[in-house]
Amino acid sequence: MSSIVTVFVTSPDTRSERRFDLHITVGQLKNKLELITGIPVDNQRISVYNTEGDAQPVGVLNKDQQPLGFFDLRDWQVLKVEDTNPSVTFTGQLTDVSAVEKFELSDELYAKRTDSVLAYKQRNKVGRFAPKDESQTTVQDVDIPVGARCQVESTEEGFHKRGTVRFVGPTKFTSSGGVWIGVEYDEPIGKNDGSVQGERYFTCLPKHGVFVRPDKVEVGDFPVEEINFDDEEM
């Protein structure tokens with residue numbers, strides 16, 4: 001039978017897995033536990049539980065001169081170390097944040113700080129502080145009517161991504177601004193159902209919707225093409 005036992009050691013501030021020799025005494029164990037838990041030897045009360053969820057202990061290591069084997073310790077039991085005088089050692093207060101005063105800053109005071117993320121964005125013209133491109137395409141400049149048949153540019157030779165224009169205008173899913181074209185594809189080769197990030201721009205079947213820039217869209221008399229998704233190779 002092995003003389004080494006593996007147990008869990010818990011305290012108000014710690015939890016760890018430890019291995020101890022069953023031949024050491026409870027007093028020697030307490031010296032080791034002081035280094036682990038921070039609880040002085042004289043203030044330690046060590047209870048033994050079969051699992052951490054148990055409400056009642058199966059034993060107490062209350063005889064300092066007895067070896068651990070005397071208490072029939074088994075692997076994976078729990079040694080719960082309690083502090084009998086926490087007012088002196090402040091046990092448990094390291095993990096209790098209920099009494100910690102929270103720092104709060106109003107929006108007005110935050111806006112006046114020079115070391116904040118907001119100030120950094122303002123100085124470097126990032127995000128909503130970025131300069132607006134006056135040459136950005138407007139809806140009036142885009143001659144792509146809603147309801148028109150179209151073909152979206154594809155990098156695959158001979159592959160036509162055809163559909164119907166369902167949306168023309170600015171969106172909320174990008175900070176770059178400008179006009180986007182919402183297309184309902186004839187086949188399930190898209191990325192969405194007409195909504196992006198919880199915002200709906202048009203409605204179509206899942207995987208039939210896509211948003212592209214106007215220069216990727218060609219309007220014309222494009223009939224519906226049936227795409228064969230069957231593959232000769234598996």
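User: In which strand is the place of Thr 164?

Analyst: Thr 164 lies in strand β7 (residues 161-169); strands here are DSSP runs of E with at least two residues, numbered from the N terminus. This is a predicted model, in which local features need pLDDT of at least 70 and side-chain atom pairs count only at pLDDT 80 or more, while totals for chains, interfaces and linings use all residues. Residues are numbered from 1 along each chain as its sequence is written, and side-chain values use heavy atoms, with hydrogens and water left out.

User: Why does Thr 164 count as buried?

Analyst: Its relative accessibility is 10%. Buried means under 20% relative accessible area, exposed over 50%, and partly exposed in between (1.4 Å probe, protein chains only); Thr 164 therefore counts as buried.

User: What makes the buried residues of α1 line one face of the helix?

Analyst: The buried residues of α1 (residues 26-37) are Val 26, Gly 27, Leu 29, Lys 30, Leu 33, Ile 36 and Thr 37. Seen down the axis of α1, they fall within an arc of 155°, so they line one face; the arc is that of the directions from the helix axis to the C-beta atoms.

User: What covers these residues of α1?

Analyst: The cover includes β1 (4-10), β2 (15-21), β3 (44-49) and β5 (78-83).

User: Which residues have the most contacts inside the largest nonpolar core?

Analyst: They are Phe 20, Leu 29, Leu 33, Leu 61, Leu 68 and Leu 79, in a core of 18 residues. A nonpolar core is a set of buried Ala, Val, Leu, Ile, Met, Phe, Trp, Tyr and Cys residues joined through side-chain atoms within 4.5 Å. Helix α1 gives the most to this core, with 4 residues.

Conventions. Expected span 1.5 Å × (residues − 1). Contact = heavy atoms within 4.5 Å.
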